[in-house]
Structure formats: C-alpha cells, structure tokens
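Here are my notes on this model. Please read them with the structure open.

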Amino acid sequence: MNAPIDIEAVTNPPRRVRLLRSALDRTQDVIAPLIDLFRPHVSGLEMLPADGRFLLVGNHTQFIGGEVLLVPHFVRRAIGTRVRPLADRRFGRHRGFGRDLMTAYGGVVGAPETARELMRRNETILVFPGGGREIAKFKGEEYHLNWDGRAGFARIAIENDYPVVPVGLVGGDDVYKSMITRDSALGRLSQAISTRLTGRSDMAIPLMRGVGPTLIPRPQRMYLRFGGPIDTAQPDCVSAQEWVSSVKKNTQQSLETILAELLAIRADDPFHGLNPLAWTSAVKPDPSGEPV
C-alpha cells in the first residue's frame, strides 16, 4: 500500500496516455473562455514561485471538481507548469481508462516516496491533507479542515527544502447543502453504514440536496486564493519533529485565514449564486487580493 508507483510511467507514460494528455491540454485551452465566463474570483497568483518548485496545499470541498480543475488550470495559466495532484492511494489499485485519465491529467498516487521523487524532479505538486474524509461534510462542517494526524506533507517538504503554498477554495461546499449533522440520528446511521462497508466512519456520506430537493448542482461562483510561500528550511535550533509540527501548523493557519477571507468576500458578493443580473456588480480582486 505504501510502495511508490513507477515514476517513469508517470513522467514517460505509454502512447495512449500521451495522446490523452495532448487531448486534455487542448481541452483546457478551449474551456479557458468558458471558465472565465463564470467569473471565478482568483487572487494571489503573483506570489507563486516562477520556477514551479513548490507544494500546493489545499482544502477539499464537496464539489471536488472545483479545486481539482481550477487550481491546476490557473497555475498553468500563470507560470506555465503542469501541476501534479496527489491522489488517494486507493486509486493505486485501479486500472483502465480512469487510471489513464488521472495520469494524463498529471495526477499520481500519493505515496511518500512518489512525492519525494517528484520533488527531486522539481515538479509542481498539489496535495489535500484532509483526503477523502474532507469531501463528504455534514451540516456545519463546510470549509473546515480535517487534518488530524496528517503531517506527511510538511515532513516531505522539509526533507526536500520545498516551499509550501497554501491555496484555498470557497464555493465548492455550497454546490450541495448537507441536510443533517454528524451527531444526528441519520448522521450516526450514515457513519455506521460507512464503517460496515469501508471500515471507516469518516467517509460517511450525508444526506444532501442541490437545486431544491434534487441533486442538480446549485450554481455557485468559485473563490480561489493562493497564499504566500512558506519557507520550510529547518532552523538549527529546532528539532525535526518540532519543525514538522510548526510547518503543518503555519500552513493550516494560513489556509484557514484564506478561507475566512474568501467567505467574507463571498458574503458581500451579489454574484455568488451566478445570478446574471448581478454580473456587472460581481466583486473583483485587486492586485493585493482585496475586493474592490
């Protein structure tokens, strides 16, 4: 389970994956105007290290496609590098088109040694420390980070002197609304079912709704912000474990601050529900990242 994947298969994939990657690259160029049409609120791109040698650390939302699509898309547009998202290790057991698609997009299975090898190759990497348990949120858990026991990203970044760039997304947890709390009767039932099926209660799926009582996604504007790079060079006077804890804490606090700022911006934005009548009054970021 912890064994690294074949890194050569990622950097030099078979022809079918190369063709799929080329098609995805063309698709990204084609859909750029469509993404812009929905006016995502994006700030902080000017702080990205131009050499692409950094580890992006983000938050998962219930609308996982938002962060997985938008973060790599805007990094590529800003500095021209391909982002390598680290996927849940369970994807390592998958084969076929789904695995090829993930590889073509740049994704790799998130084993520690794989991340180290990507850093040795100076790749741009994206990780979500909360993993899958941060996706399915019960009522009241929106935009809360769930990083208990997850410090591996900090340890590997320190080992390789890799800057950490926090990146927060708001909007994805509003596409669907959770209708029950975790400690409600239905919430406990959902966790019990999840434990029986997967052995994990933290992967329980809550009762959700989209538009009205349906599962049609609610139109939502996305708010994306990149924070300043966090230096991971270890001071001589600090032990390795203390520094890992410090880097993790600083990253989490920075990301929580970003999410709070984006939620405040969203609250004052009349276009947050993608209402066409409010298009012209949509909040726009200025170079400092503040709304104008």
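What share of the residues of the protein count as buried?

1. Burial. The model is a predicted one. Of its 292 residues, 48% count as buried.

2. Surface. The accessible surface of the protein is about 14,300 Å². Carbon and sulfur atoms hold 59% of that area.

3. Secondary structure and contacts. The protein has eight helices and nine strands. Take the contacts with a separation of 6 or more: 78% of them join residues 24 or more positions apart.

4. The H5/H6 pair. Helix H5 spans residues 112–120, and helix H6 spans residues 152–159. Their axes come within 10 Å. The crossing angle is roughly 35°, and the crossing is right-handed.

5. Residues at that crossing. Which residues of H5 meet H6? They are Pro112, Ala115, Arg116 and Met119. On the H6 side, the partners are Ile156, Ala157 and Glu159.

6. A nonpolar surface patch. Six names to find on the surface: Met179, Leu186, Leu189, Ile193, Leu197 and Leu207. Together they form a nonpolar patch with about 600 Å² of accessible area.

7. Where does Leu207 lie? It sits in the loop between helix H7 (185–198) and strand S8 (208–209). Is Leu207 buried or partly exposed? Its relative accessibility is 45%, so Leu207 counts as partly exposed. The cut-offs behind this are under 20% for buried and over 50% for exposed.

Technical notes. Residues are numbered from 1 along each chain as its sequence is written. This is a predicted model: local features need pLDDT of at least 70, side-chain atom pairs count only at pLDDT 80 or more; totals for chains, interfaces and linings use all residues. Side-chain values use heavy atoms; hydrogens and water are left out. Patches are made of residues with over 30% relative accessible area and no salt bridge: like charges are joined within 9 Å, nonpolar side chains (Val, Leu, Ile, Met, Phe, Trp, Tyr) within 5 Å. Accessible areas come from the Shrake-Rupley method with a 1.4 Å probe; for residues, only the protein chains shown count as cover. A salt bridge is a side-chain nitrogen of Lys or Arg within 4 Å of a carboxyl oxygen of Asp or Glu. Helices (H or I, at least four residues) and strands (E, at least two) are DSSP runs, numbered from the N terminus. Buried means under 20% relative accessible area, exposed over 50%, partly exposed in between (1.4 Å probe, protein chains only). Axes are lines fitted to C-alpha atoms, for helices over the stretch in contact, and angles run from 0 to 180 degrees between N-to-C directions. A crossing is left-handed if the near helix is turned anticlockwise from the far one by less than a right angle, and right-handed if clockwise. Contact means heavy atoms within 4.5 Å.
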